[in-house]
Structure formats: structure tokens, C-alpha cells
Amino acid sequence: MAEQNKQKLVFKVGTSSLTHEGGRINLDRVEKLVTVLADLCNMGHKVALVTSGAIGVGTGKLGLSQKPSDVPGRQAAATVGQCELMFLYDKFFTQFGHKVGQLLITKEDMEDEKRYLNLTNTFAKLFDFGAIPIINENDAVATEEIVYGDNDTLSAMVACVIKADKLIILTETDGLYDSNPQDNPSAKHIDLVANITQEVLDFAGDSKTSMGTGGMKTKLRAATIATNNGIDTYIIAGQDPKKIYDLLEGKQVGTLFLKK
């Protein structure tokens, strides 16, 4: 691959793309995603992965019927789930010969000048070492004042920190529609968004899964942040990670939000 074709790519994967209904890990999906991301690294791309799922996975591993509603309960579940997530990512990436490094981030880390510089340097060194940064919010210690509250926004901020070429958000739907396709069979898929206007923002519903925290609104917020910082952003379905190859070849996949 020519040097100019090598890109910095940030991927964000949501809880619903990683887990089964009860919160247990969907091993098949995780392995398929890792296989593609490892292959992209083999091609010469630099890859960072923002992963949700710590609380959902912890909920499943603890045998709880639903995500805890109290903050200490969610934080406890996050500590259990984060261990499981990183174990699996390390296991699957290692089998393809790749190293991973974990970063647990809060909003304060992005807003404090010294911490932001430290983050920038850490990302740069991880890439120099050939390691894949795996990022999540620091759910175990975070309070409302110091978190973004969703990993869609965090993924956009990470893309800005590393000056990514693309932000690719993998979710349960294949992009943006003009209404909720679950409620409206005639909903129209939107392939390309040149400007995120109020009309586009109004397309987003409030749907989110029982284990996740986001929805289309947070993804549009992330797309707004990233595109305003010169980063093309995609929302695509996460069920078939091989579609990422098509996306990088310039084929139509999901919804593309054009950078400014």
C-alpha cells in the first residue's frame, strides 16, 4: 500500500454490537471485528478502537437480570466487564500477532491541557510501538461532571486527539434514516450528509438498547464534532465487519458525513 493510502482510523463499537440480549459477550462478533481490524493494521493503517460494553458485559457476567440503576452498581459492573473485555481483545488480537493497550479516559483528561498533551503523546507512542489503543470511558470512577456519558462522543474526541482520517461508528442500524425504520417500514435511508443541519438532527430518535447508553442523537453529536474537525464520519451496521473493506474502497456503506 502506498504511504499516502495509509490512514489513521478510529472505530467505535457499541454494547449491542458486542453482546447478546442478556449482556453476555457475542464471541462471534468480537472475533470477526478483531479479524478485520487486525488485517487493516497489516495493511499499514493505524487503528484505534473505542469500545462500549463494560457495564453491559459486567451485568451479564455477574448474573444480573438488568443493568444496575444506581451509580455504585453500574461502576461495580464496569470493573468486572472491563476486565472481561480487555481479556478478550488481547486474546483475539494476539492470535493475529498484534498488541493492544488500554486507555480509560474521562472528560477531564480531554479538557485539562496537561492531561490532553499526555494523551496525545501516549497515543503517538502506542502507534510507534505498533500497539492498538483500546479506549473506554473510566466508568468505575467517573461522575456526571467528568464523563461524556456516551462513547460516541468520546470516539469523536479521540479522533480529534490523534488527527484521524476517518471515524467509523458501528451500530445496530446501517446508517441514518429520515425516521425510525423499526416503526416506519417506508423510512428512507440517507447515504450522504454534507451538512448536519437541524433537519438532520431531527431525524434522530431516542432509541437505545437496555444494555447501552447511546442512540442516534449521540452518534450525530459525534459526527458533528468530528466533521467540524476535518474528519469524515461513517455510521454503519456492525453485524458484518467485512463491510469496512468496502467502505475503505470508496463503496457506499452506511451513512457518510462529510468533513468540513
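Is Cys-83 buried or exposed? Cys-83 is exposed, with a relative accessible area of 57% (exposed means over 50%, buried under 20% and partly exposed in between, using a 1.4 Å probe and protein chains only). Keep in mind that this is a predicted model, where local features need pLDDT of at least 70, side-chain atom pairs count only at pLDDT 80 or more, and totals for chains, interfaces and linings use all residues. Residues are numbered from 1 along each chain as its sequence is written, and side-chain values use heavy atoms, with hydrogens and water left out.

**Overall build**

- The C-alpha trace spans about 45 × 40 × 40 Å along its principal axes.
- Residues 24 or more positions apart make up 73% of the chain's contacts with a separation of 6 or more, a contact being heavy atoms within 4.5 Å.

**Surface and charge**

- Of the 260 residues, 50% count as buried.
- The chain exposes about 12300 Å², and carbon and sulfur atoms supply 49% of that. These areas come from the Shrake-Rupley method with a 1.4 Å probe, and for residues only the protein chains shown count as cover.
- There are 28 positive and 33 negative charges, and their mean positions sit 4 Å apart. Lys and Arg count as positive, Asp and Glu as negative, while His and the chain ends are not counted; each charge is placed at NZ of Lys, CZ of Arg, CG of Asp or CD of Glu.

**Cysteines**

- The structure holds zero disulfides, the test being a pair of cysteine sulfur atoms within 2.5 Å.

**Helix α3 and Gly-63**

- Helix α3 (54-61) is mostly covered, with seven of its eight residues buried.
- The buried residues in α3 are Ala-54, Ile-55, Gly-56, Val-57, Gly-58, Thr-59 and Gly-60.
- Their cover includes α1 (15-18), α4 and β4 (131-137).
- After α3 comes Gly-63, which has a positive phi, near 75°. Gly-63 is found in the loop between α3 and α4 (71-95) and counts as exposed, at 58% relative accessibility.
- Gly-63 and Pro-133 are 70 residues apart along the chain, and their C-alpha atoms are separated by 29 Å.

**Leu-192 in β8**

- Leu-192 is found in strand β8 (residues 192-193) and is partly exposed, with a relative accessible area of 49%.
- Leu-192 and Thr-255 are 63 residues apart in sequence, yet their C-alpha atoms are 5.6 Å apart in space.
- Setting aside neighbours within four places in sequence, Leu-192 is in contact with Leu-256 and Leu-258.

- Asn-138 lies in the loop between β4 and α7 (151-161); at 17% relative accessibility, Asn-138 counts as buried.
- Leaving out neighbours within four places in sequence, Asn-138 is in contact with Leu-104, Ile-105 and Thr-106.

Technical notes
Helix = DSSP H or I, 4+ residues; strand = E, 2+ residues; numbered from the N terminus.
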